[in-house]
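Q: Please take a close look at one part of this model. I would like a connected account of how that part is built and of what lies around it.

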Amino acid sequence: MKNSLNKSNITLRIAQEIELDKFKTDLQEAFRISAEKEFGHALDEPIPSDLDFEDTVNYAGAIVYQVLLDENIVGGAIVAIDKVTQHNKLLLFFIATNCHSKGVGYEAWKAIEKKHPKTKVWETTTPYFEKRNIHFYVNKCGFKIVEYFSKYHPDPNQKSDSNFDEQDDEMFKFEKQM
């Protein structure tokens, strides 16, 4: 793949039901590579778990997008659109590692914003260790960090788990005012 990118080559399309298993596998692979690099060992379970993925796909207002580069799937996103408040969420977002640092993620994000022009606020989260994601959301896409979830301040939207694992559960929450 070329380092230069024609932004018109990045498109979105809604994933078909029969594509969801492959979408999940590609998402978990992208997240696995990043987490294993950070932690220095193989993961015992996929991130997100199969159950978390299913919950996300079934989230109220969820839309599952494939990210395409020249008609080839190179990533995906799941957004939740609240048609009443237009306070929308980016629930999951990934780009294949072989497409990193080429502008694919940024162009995909711009395409998502364009698909939802009535959005007043976008919200998303990312793990504390994902420096690449933090840079992307803050420095590239214009999000602001608005909250930090940890054992001292748990995410009220997460399932309660008495075995809090700091490596898995410390997250930054971001918002972007449109």
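A: Two strands are taken as paired if DSSP finds at least two bridges between them. Strands (E, at least two residues) and helices (H or I, at least four residues) are DSSP runs, numbered from the N terminus. The model is a predicted one, in which local features need pLDDT of at least 70 and side-chain atom pairs count only at pLDDT 80 or more, while totals for chains, interfaces and linings use all residues. Residues are numbered from 1 along each chain as its sequence is written, and side-chain values use heavy atoms, with hydrogens and water left out.

One partner of S4 is strand S3 (residues 72-80), which runs antiparallel to S4 and is joined to it by six bridges. Within this pairing, glycine 75 has isoleucine 95 of S4 as its bridge partner. The two strands form a hairpin with six residues between them, and glutamine 86 in that turn has a positive phi of about 55°.

Aspartate 70 lies in the loop between S2 and S3, with phi near 50°, a positive value in a residue other than glycine. Glutamate 71 belongs to the loop between S2 and S3, and its phi is near 75°. Aspartate 70 counts as partly exposed because its relative accessibility is 44%, whereas glutamate 71, with a relative accessible area of 65%, is exposed.

Another partner of S4 is strand S5 (residues 121-127), which runs parallel to S4 and is joined to it by three bridges. The chain reaches S5 from S4 by way of helix H3 (residues 104-115), in a β-α-β crossover that is right-handed. That term applies if, with the strands pointing away from the viewer, the path from the first strand over the helix to the second runs clockwise. The end C-alpha atoms of H3 are 16 Å apart, which agrees with the 16 Å that its twelve residues should span at 1.5 Å a residue; the expected span is 1.5 Å times one less than the number of residues. Among the buried residues of H3 are Val104, Ala108, Trp109 and Ile112.

Which residue of S5 stands opposite histidine 87? It is valine 121. Histidine 87 is found in S4 and counts as partly exposed because its relative accessibility is 31%. Its contacts (heavy atoms within 4.5 Å), leaving aside neighbours within four places in sequence, are Asp82, Val121, Glu123 and Glu175. With glutamate 123 there is a polar contact between the two side chains, at 3.2 Å. A polar contact is a pair of N or O atoms within 3.5 Å; within protein, one must be able to donate a hydrogen and the other to accept it, and residues adjacent in sequence count only if both atoms are side-chain atoms.

Beyond S5, the pairing continues to S7. Seven bridges join S5 to S7, and these strands run antiparallel; valine 121 stands opposite glutamine 177 in S7. Five of the seven residues of S7 are buried. Lysine 176 lies in this strand, residues 171-177, and counts as buried because its relative accessibility is 14%. A polar atom of the lysine 176 side chain lies 2.7 Å from the backbone oxygen of cysteine 141. The contacts of lysine 176, neighbours within four places in sequence set aside, include Trp109, Glu113, Val121 and Phe143. S7 also pairs antiparallel with strand S6 (residues 144-149) through five bridges, and isoleucine 145 has phenylalanine 174 of S7 as its bridge partner.

Terms used:
Buried means under 20% relative accessible area, exposed over 50%, partly exposed in between (1.4 Å probe, protein chains only).
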